[in-house]
Amino acid sequence: MKPLSEQLSKVPASATLAVNDKAKALQRAGRDIIALAGGDPDFATPEHITEAAFTAIRNGRTHYAAPTKGIVPLLEAIAEKMSRENGVQVEAGTDIIVTPGSKWALFLALSALLNPGDEVLILEPYWVSYPPMIHMAGGVPVPVPLPGENNFAISAEILRARITPRTKAIMVNSPSNPTGRVLTEEEAQALVEVAIEADLYVITDEVYEKLIFDGRRHLSLASFPGMAERTLTTNGLSKGYAMTGWRLGWLAGPTPVIKLATRMNGHTITSAATFTMDAAVAALTGPQQAVEEMCESYRKRRDFMVEVLNGIPGVECASPEGAFYLLPRFPGIPTSSSIELADLLLDEAGIAGTPGIAFGQSSEGHVRFSIATAMDELERAVERLQQVVPRLIA
Ligand SMILES: Cc1ncc(COP(=O)(O)O)c(C=O)c1O
């Protein structure tokens with residue numbers, strides 16, 4: 001047989017697969033496993049959004065969308081939202097494309113920007129899918145390790161140290177999966193300064209934008225002077241609106257980039273689902289109370305989990321500023337890797353978490369737990385950790 005795609009063969013296998021597979025096998029064998037490895041809200045999609053989709057389907061909105069890059073009311077709702085909430089001015093007709101999930105928006109952005117061998121800086125710990133996506137788009141991911149001892153803070157010096165003549169873009173994710181960090185004004189200024197001086201594009205993944213705690217403010221890099229022409233913003237409804245299964249996201253940015261992205265979209269997936277786009281209009285223009293309530297629930301879960309985890313000797317857990325993940329360390333447990341650590345927590349406590357190495361070397365020694373999980377499950381998880389961790393330390 002002739003060889004398969006070299007390009008795809010270069011894509012690294014998922015470091016999370018082994019633990020997930022084992023967790024599923026244990027569940028099938030009847031073991032009570034608490035699943036904290038996912039990233040899917042446990043809340044139902046708010047009813048007015050679901051109703052808008054039912055109405056759309058009943059009204060025959062089940063054909064190809066027109067225009068395929070997004071129905072006009074949705075493009076307008078996104079432009080209006082970005083102007084109002086993010087201080088970013090984009091033209092609904094030329095600067096936005098609606099995608100089936102923000103993941104595809106990220107891939108479109110990379111595909112529109114990269115030539116073979118172009119380097120893309122990714123802030124480490126990074127979201128697992130960034131390196132594979134960059135590889136698939138023909139680029140080279142270049143991790144920029146952020147200092148764990150300084151709460152993974154970004155500085156201009158750290159960024160400059162990784163820039164080469166091949167550097168084309170930086171990917172930024174705030175609030176961050178997995179660290180829960182939210183960009184500060186100072187960090188945003190550092191990113192802006194370096195992006196402009198090195199003439200880089202910035203891809204900013206804002207999918208956790210609605211989930212920010214303690215009165216912090218979300219900063220959109222495209223709103224900074226000199227950034228609109230080089231910033232590609234991705235966002236979507238999955239996380240904030242509990243709409244992961246609807247597959248609805250968008251890419252917004254300079255017209256030439258959106259033109260190429262639209263061409264690629266048209267020849268691959270055509271469009272997001274038509275009735276999902278109708279539901280998205282309801283989500284963006286309707287009442288936002290449910291989003292605020294879900295965010296408040298995540299905050300309560302965060303406060304509960306961080307306090308209890310830090311009370312267990314041998315466990316350290318920073319308090320995330322946004323998103324719905326915790327990234328504790330277990331310095332008291334003698335293991336050689338986060339894969340071994342996650343495996344041990346699965347075997348001994350029946351808790352499935354994601355090994356930190358999935359997000360790069362900077363989060364080795366950590367395990368990521370999702371708090372997009374009902375409170376009673378989280379209570380069961382910490383009870384088990386309170387019993388098991390002291391035994392694993394001893
Ligand atoms: C950081 C980050 N970006 C993007 C996505 C993709 O989300 P979706 O494609 O559902 O919009 C996820 C999902 O887990 C994520 O964690």
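This is a predicted model: local features need pLDDT of at least 70, side-chain atom pairs count only at pLDDT 80 or more; totals for chains, interfaces and linings use all residues.

User: How far apart are the centres of domain 1 and domain 2?

Analyst: Domain 1 takes in 6-44 + 290-393, while domain 2 covers 61-285. Those bounds come from an automatic or database domain assignment. Taken over C-alpha atoms, the distance between the two centres is 26 Å.

User: Which helix gives the largest share of the side of domain 1 that touches domain 2?

Analyst: Contact here means that the C-beta atoms of two residues, placed from the backbone, lie within 7 Å. By that rule, 33 residues of domain 1 meet 33 residues of domain 2. Helix H1 (6-9) and helix H11 (289-310) each supply at least two residues of that side of domain 1, where helices (H or I, at least four residues) and strands (E, at least two) are DSSP runs, numbered from the N terminus. The largest share, six residues, comes from H11.

User: How many nonpolar residues does that side of domain 1 have?

Analyst: Let's sort out the classes: Ala, Val, Leu, Ile, Met, Phe, Trp, Tyr, Cys and Pro count as nonpolar, Asp, Glu, Lys and Arg as charged, and the others, Gly among them, as polar. The side of domain 1 that touches domain 2 has nine polar and six charged residues, and its nonpolar count is 18.

User: Which strands are at the edges of the seven-stranded open sheet?

Analyst: Reading across this open sheet, the order is S2-S8-S7-S6-S5-S3-S4, with mixed pairing. Strands pair if DSSP finds at least two bridges between them. Pairing on one side only marks the edge strands, which are strand S2 (96-99) and S4.

User: In S8, what is the bridge partner of Gly236?

Analyst: Strand S7 (residues 231-236) and strand S8 (residues 249-252) run antiparallel and are joined by four bridges. For Gly236, the partner in S8 is Gly249.

User: What angle does helix H9 make with S2?

Analyst: Helix H9 (residues 255-268) packs on the sheet and touches S2, S7 and S8. For angles, axes are lines fitted to C-alpha atoms, for helices over the stretch in contact, and values run from 0 to 180 degrees between N-to-C directions. Between the directions of H9 and S2, that gives about 30°.

User: At what angle do helix H3 and helix H10 cross?

Analyst: Two packed helices are described by the angle between their axes and the distance between the axes. Among the residues that meet are Ala52 and Ala56 in H3, and Ala279 and Ala282 in H10. The contact has nine nonpolar, two polar and one charged residues. The axes of H3 (residues 47-58) and H10 (residues 274-285) come within 8 Å and cross at roughly 145°.

User: Which residues in H13 does H12 meet?

Analyst: The axes of helix H12 (residues 338-349) and helix H13 (residues 375-393) come within 10 Å and cross at roughly 115°. From H12, the residues involved are Leu344, Glu348 and Ala349; in H13 they meet Arg384, Leu385, Val388 and Leu392.

User: What is omega for the cis peptide bond between Ser174 and Pro175?

Analyst: Pro175 sits in the loop between strand S5 (167-173) and helix H8 (185-197). Another cis peptide bond joins Glu124 and Pro125, with omega about 5°. For the bond from Ser174 to Pro175, omega is near -10°.

User: Which residues come nearest to the ligand?

Analyst: A residue counts as near if its C-beta atom, placed from the backbone, lies within 6 Å. The shell divides into two nonpolar, nine polar and two charged residues. Of the 13 residues around the ligand, the nearest are Gly101, Ser102, Lys103, Gly236 and Ser238.

Note on methods: Residues are numbered from 1 along each chain as its sequence is written.
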